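Please walk through the surface and ring contacts of the model below.

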Amino acid sequence: MVFHHYASFSTFTTRFYQSGFVNLGTSLADDVQLSKNMNQIANKILGKLERILIPHLVQWEEYLQTKIRQYKHQQLKQQLKFCGSRVRFRREIRIDHPQNISLGSKTYIGQNVILDGRGGITIGDNTTIGFNVVILSANHDYQSNALPYEHNVYIHKPVVIGRNVWIGANVLIIPGVTIGDGAIIAAGTVVTGNVEPLAIVGNQPMRTIKYRDRQHYEQLASQSNQTSSVRCTHKSSRKSSS
């Protein structure tokens with residue numbers, strides 16, 4: 001009799017816990033599914049907000065960046081030794097020691113230009129300077145009392161650029177150079193001496209320096225082609241098997 005009651009109680013307990021765990025498992029599954037559904041809804045809402053807001057945010061960012069650049073340019077112009085009318089700066093430029101730099105009217109300074117005004121720079125009216133141009137007016141003194149040079153000792157030499165000059169992109173002008181009115185400096189030129197008025201100057205044109213080792217090149221090219229062929233074959237076999 002006791003055993004019978006014990007067996008009945010054991011059966012009841014087992015069924016109770018089994019029923020509870022089943023309900024608990026069902027509840028957890030429902031919670032997981034609900035969480036997935038909520039995440040999907042949240043992602044859809046975020047996606048729509050991004051599609052709506054991001055283009056406007058980009059426009060505002062560009063607008064603010066333009067206004068900030070204009071403010072910085074105006075501040076730079078006020079620091080110059082002289083600044084004519086209708087001087088234009090293109091995007092980001094760098095001007096060191098602006099108190100030693102004079103810019104004539106209708107001068108255009110391109111993007112990423114560097115003007116080092118330690119020795120003085122004068123640029124005439126209606127001159128155009130392309131992007132990435134570097135104009136230096138000071139250099140280290142290699143005859144100073146230290147090797148390779150004394151870091152705080154410079155030789156200052158002013159740079160003078162005339163009116164109506166066109167300086168192409170990536171030009172380097174070293175200290176002490178004078179460029180006459182109406183001259184044109186070709187892109188990539190390193191200007192190491194004075195340029196006469198109306199002169200068109202540039203460094204030597206492109207020339208072949210030497211050739212690569214043909215046998216070595218062809219060996220590397222062949223290995224590269226074989227590797228590419230193996231990769232393509234491997235991808236094709238994957239696709240066919242899938």
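The charged end of Arg 118 sits over the ring of Tyr 154, 4.3 Å from the ring centre. Such a contact requires NZ of Lys or CZ of Arg within 6 Å of the ring centre and within 35 degrees of the ring normal. Lys 77 lies over the face of Phe 89, 5.5 Å from the ring centre.

This is a predicted model: local features need pLDDT of at least 70, side-chain atom pairs count only at pLDDT 80 or more, and totals for chains, interfaces and linings use all residues. Residues are numbered from 1 along each chain as its sequence is written, and side-chain values use heavy atoms, with hydrogens and water left out.

The structure holds one aromatic pair. Trp 60 and Tyr 63 form this pair, edge-to-face, at 5.7 Å centre to centre with 85° between the planes. Rings of Phe, Tyr and Trp (its six-membered ring) pair if their centres lie within 6.5 Å; planes under 30 degrees apart are stacked, over 60 edge-to-face, the rest tilted. Both residues lie in helix H1, three residues apart, about one turn of the helix. Helices are DSSP runs (H or I, at least four residues), numbered from the N terminus.

How exposed are the two partners? Trp 60 counts as exposed because its relative accessibility is 54%. Tyr 63 is partly exposed, at 44%. Buried means under 20% relative accessible area, exposed over 50%, partly exposed in between (1.4 Å probe, protein chains only).

Ile 54 is placed in helix H1, residues 2–79. Ile 54 has 44% relative accessibility, so it counts as partly exposed.

How values were computed:
Helix = DSSP H or I, 4+ residues; strand = E, 2+ residues; numbered from the N terminus.
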